[in-house]
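Subject: Structure handover

Hello,

Here is the structure you asked about. My notes on it follow below.

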Amino acid sequence: AGIAFSPADLAGSRTELEDVEYRLEQLARRRHIIDRRDVGHWPDGTVAMQYVFRHALYREALYDGIPAANRRRLHREIGSHLERAHGGRADEIAPALADHFEQGGDTRRAAHYRDLSASGALARGAAADAVAQFRHALELYGRTTGGEDLKTAELNTLLGLGAALIMS
């Protein structure tokens, strides 16, 4: 879920959240792998502690120890959970959602959130970042099958890319 994370990123239900948070709290108290950060508040009303790995190598070692198929499923589940929890504000975390869905093999949703991320970069005036994000979205759309809605999404991405190229 990243170098900094919340048990709310990982849990699918309130009971799971409490269990995951309890286990992470035990690790944080021992100060071996993770440290506790602040309390996080989600748009859906969820409140949970936030943690950070003490070193990036700890995160990498744990991540590398997860078998590939499980890792892919976990990325899809985390992405779906984040998407539901953030609801209408999911565009605020579009880069993270794009990463989770891409690593989870859901290219359509990855492309959608990569496109939203690019639009956000363009709105901030980060034209070079927007160009890279729009191009990545197009590449993802190219690996996706679909009908007219996919063509419309690709066209909108191309228009955004054009605007970003003009700004850069």
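In which helix is S80 found? S80 sits in helix α4. Before going further, please note that this is a predicted model.

S80 counts as buried because its relative accessibility is 17%, and the cut-off for buried is under 20%. Leaving out residues up to four places away in sequence, S80 touches F101 and R109. S80 and H100 are 20 residues apart in sequence, and their C-alpha atoms are 8.8 Å apart in space.

Next, the nonpolar cores. The largest one has 21 residues, and L97, Y113 and Y141 are those that touch the most other members. Two or more residues come from each of α4 (68-86), α5 (94-103), α6 (107-123), α7 (127-142) and α8. The most come from α5, which gives four residues. There is also a second, separate core of nine residues, and L122, V131, F134 and A164 are among them.

As for L97, the residues it touches are G79, L82, E83, A90 and Y113, again not counting residues up to four places away in sequence.

Helix α7 has 16 residues. From first C-alpha to last it reaches 22 Å, close to the 22 Å expected at 1.5 Å a residue. Its buried residues include A127, A130, V131, Q133, F134, A137, L138, L140 and Y141. An α-helix has 3.6 residues a turn, so residues three or four places apart point the same way. The cover over the buried residues of α7 includes α5, α6 and α8.

On the surface, L155, L158 and L159 form a nonpolar patch, and together they have about 300 Å² of accessible area. L159 belongs to helix α8, which covers residues 148-167. Is L159 buried or exposed? It is exposed, because its relative accessible area is 56% and the cut-off for exposed is over 50%.

Last, a residue in a strand. V52 is found in β3, residues 47-53. With a relative accessible area of 12%, V52 is buried. Its contacts, not counting residues up to four places away in sequence, are I3, A4, F5, I33, I34, D35 and R37. V52 and G146 are 94 residues apart along the chain, and 39 Å separates their C-alpha atoms.

Regards

Definitions and conventions
Residues numbered from 1 in each chain as written. Predicted model: local features only at pLDDT ≥ 70, side-chain atom pairs only at ≥ 80, totals over all residues. Heavy atoms only, no water. Patch = residues over 30% accessible without salt bridge, like charges linked within 9 Å, V, L, I, M, F, W, Y side chains within 5 Å. Areas by Shrake-Rupley, 256 points an atom, 1.4 Å probe, with all protein chains shown as cover. Salt bridge = Lys/Arg side-chain N within 4 Å of Asp/Glu carboxyl O. Buried < 20%, exposed > 50% of the residue type's maximum accessible area, 1.4 Å probe, protein only. Core = buried A, V, L, I, M, F, W, Y, C linked by side-chain atoms within 4.5 Å. Contact = heavy atoms within 4.5 Å. Expected span 1.5 Å × (residues − 1).
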